[in-house]
Amino acid sequence: MHNLILVGPMGAGKSTIGRLLAKELRLPFKDSDKEIEQRTGASIPLIFDVEGEAGFRERERAAIADMCKLEGVVLATGGGAVLREDNRQALRAGGRVIYLCTSVDQQLERTSRDRNRPLLQASDPRSVLTALMSVRDPLYRSIADIIIETDERPPRLVVMEILDRLASLPPRESLDESALS
C-alpha cells in the first residue's frame, strides 16, 4: 500500500481529514508537525521563537525525509513543507499526494482562534495567508496526484471523495521520476 500524503495550507483540514482517512483505511496516522514536536520536546511556536523559521524548516525536512520512508501510513504535512525542493521530491516519492485546497476566507475562519500558528501572529492574517497561497499553491499543485476542494464541506464527505478519486488513479510508474531528470 502506498502512503497517502496530505498537503495544503493551514486550515485546509489535513489533520482532521487525515485522521478520518487513516481510520477508514485502518492505517496509522502521522502528522509531521506532531513528529517534530515529539522529537524536540518543544511546541512549533517555541521552535520558531528559538530557531526561527529556517531552524524549523530544517527540522521539518528531516522529519519528512524519515516519514516518507514509512510504508502504509496517512501523513499530514505542515503547510510550508512544499517550500523546499528536497521535501517535494520526498513527498512525491513517498506515496500518493493529495492537495487539500481551501480559500483564504475558509483558512481565516478555521484558524482565527488558533495561537499555535506562528506565521499568523501578525496584524493582518488575511494578507499573510494570501501571500503564502500565492507562493505555495503552485508548489502543492506541482506534486499533487489529486486536488480536493475542502471549503464548506464536511470532513467525512472529503474522505469519501478522496477514496473515490484514489480508486480511479492509474498505477504509478515504478521508475523513480527523479531519476529521469
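Is Arg153 buried, partly exposed or exposed? The close-ups below take that up, along with a cavity and some annotated residues.

This is a predicted model, where local features need pLDDT of at least 70, side-chain atom pairs count only at pLDDT 80 or more, and totals for chains, interfaces and linings use all residues. Residues are numbered from 1 along each chain as its sequence is written, and side-chain values use heavy atoms, with hydrogens and water left out.

**View 1. Arg153 sits in a loop.** Arg153 is partly exposed because its relative accessible area is 23% (buried is under 20%, exposed over 50%, partly exposed in between, using a 1.4 Å probe and protein chains only). Its loop runs between strand S5 (146–149) and helix H7 (155–167); helices (H or I, at least four residues) and strands (E, at least two) are DSSP runs, numbered from the N terminus. Skipping neighbours within four places in sequence, Arg153 is in contact with Ile148, Val158 and Glu161 (contact means heavy atoms within 4.5 Å).

**View 2. Thr16 is part of helix H1 (residues 14–25).** Thr16 has 42% relative accessibility, so it counts as partly exposed. The unreviewed UniProt entry puts a "binding site" annotation on residues including Thr16, Arg117 and Arg153; such annotations may be inferred rather than shown by experiment.

**View 3. Helix H6 (residues 125–143) gives the largest share of the largest cavity's lining, 5 residues.** Lining residues include Pro9, Gln107, Leu129 and Tyr140. For the terms: on a 1 Å grid over the protein atoms alone, a cavity is a set of points where a 1.4 Å probe fits but cannot get out, and lining residues have an atom within 4 Å of a point.

Notes:
On a 1 Å grid over the protein atoms alone, a cavity is a set of points where a 1.4 Å probe fits but cannot get out, and a pocket is an open set with protein on both sides within 12 Å along at least five of seven lines; lining residues have an atom within 4 Å of a point.
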